[in-house]
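Student: Could you go through a structure with me, one step at a time? I would like to learn how to read it.

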Amino acid sequence: MSLRSQAPTRYRPDLRTNIDRYHSRLVWLSMLIDAHAHLDKYEEELRQALEEIERHQIFTIAVAMDLPSYQRNLEIGQMCDLVLPTFGVHPKRAPEYTDRLSELGPWIERSPAIGEIGLDFQWVEDSSQYPAQKKVLEYFLAAAREQKKIVNLHTKGAEKEILDLLQRYDIKRPIIHWYSGPLDTFRALINYGACFTVGVEVLFSKHIQAIARELPAAQLLTETDNPGGLKWLNGTVGMPQVLEQVIQAIGDLKETGPEVVARTVEENFFRLIRDDPQLSGIRMKLRAVD
Ligand SMILES: [Zn+2]
C-alpha cells in the first residue's frame, strides 16, 4: 500500500517537543472547541476532565468507537452541558458490526452528528478487514447524507479513499480528524471544502505543523483525541486543557497568536452548525457564552 510509506513514524522520546513550554497562562475569551475526544476512555480521571472542560469552557464532541462507547458517552453527556456525544463505529471495530447494520440505524438516527467513522489501512494491517471497514463506513455515509449530518472521519492510510467516498456520497460537512497523510490529498480535501481538526501531534511533528500552517483559516478546527492521543505521543494521559497548548502552537505557526486561533475556530464551528436543526441546542449554548 503506497500511502503507508508517507505515514508519520512514531516519535522517539528524545524527539519530544518540550510540551511544558506551553502552559495555560492565557485568559481565553472564546469558547474553545475540542471537535474530537474519547471521553468514555477516561477512568478515574473523568471527573477532573469534566472539571477542566467546564473551567476552560471547552465545547467537546465526544465521539464513539462503537455502541457501548456511545452509550457511555451519552451518560457522560448528562453530566456536562458542554459535551456532545455522537455515534459512530471506528474502523477498528467495523468487523464486529458488518452483520448488525440494521441495529445501528436507530442509534444513528438519534445522534445529532456522526463519528467516529472512517477507514484505517495504516494501523490495521490485516487487509482482510478492509471490506468490513468500507461496508460499515458506507452505511454511515448513506445515513449522514440522508439525515444531513456532520461526520467526524478517521482517514489513516486511506486518505484518498475517504475523499472518493465523500464525493460519491456528497457529504457536505466532513470534519477530517488528525489528518497526517499525503499533501496532495490534503489539498484535494481542502478544495472539497472539508474542515480539519488539528490536535496534539502539532506539538511534536513537522509534518503536522506544515499541515497546520497550510490549512486555510476558515477550515481549521481543533481537537485533542483525548485521552489516547497524547498517550500515544508521549505516554501521558491527555487532559482537556492540553487543547490550549494546541491552540498556542497553531497561533505560533500561523503567526497570529492564540486568541485569533481560538476565535477563528469558534467562528468556524459556529458556521458549521449554524443551519443544522439537530444542533440548535448547541448554538444556544455557544451564544450564551458569547
Ligand atoms: Zn479518535
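Predicted model: local features only at pLDDT ≥ 70, side-chain atom pairs only at ≥ 80, totals over all residues.

Tutor: Residues are numbered from 1 along each chain as its sequence is written, and side-chain values use heavy atoms, with hydrogens and water left out.

Student: Which residues coordinate the zinc ion?

Tutor: Look for donors, meaning N, O and S atoms within 2.8 Å of the metal (3.2 Å for Na, K and Ca); water is not among the atoms, so sites may look incomplete. The donor atoms here lie at 2.1 to 2.5 Å from the zinc ion. They belong to H36, H38, E116 and D225.

Student: What is the geometry of the zinc ion's site?

Tutor: Four donors count as tetrahedral if all angles lie between 85 and 135 degrees; four count as square planar and six as octahedral if opposite donors are over 155 degrees apart and all others between 65 and 115; anything else is irregular. Among the four donor atoms here, the angles run from 83 to 164°. The site is therefore classed as irregular.

Student: Are H36 and H38 buried or exposed?

Tutor: Relative accessible area decides this: buried is under 20%, exposed is over 50%, and partly exposed is in between (1.4 Å probe, protein chains only). Across the chain, 60% of the 290 residues are buried. As for H36 and H38, both are buried.

Student: Which helix holds both D164 and K160?

Tutor: Helices (H or I, at least four residues) and strands (E, at least two) are DSSP runs, numbered from the N terminus. The chain has 11 helices and eight strands. D164 and K160 sit four residues apart, about one turn of the helix, and the helix is α5 (residues 159-168).

Student: How far apart are the closest N and O atoms of R187 and E214?

Tutor: Side chains of opposite charge can pair when their charged atoms come close. A salt bridge is a side-chain nitrogen of Lys or Arg within 4 Å of a carboxyl oxygen of Asp or Glu. R187 and E214 form one, with their closest N and O atoms separated by 2.6 Å.

Student: How many residues apart in sequence are the parts that this pair ties together?

Tutor: R187 is partly exposed at 39% relative accessibility, and E214 is partly exposed at 32%. R187 lies in helix α6 (residues 183-192) and E214 in helix α7 (residues 206-214), so the pair ties together parts whose separation in sequence is 27 residues.
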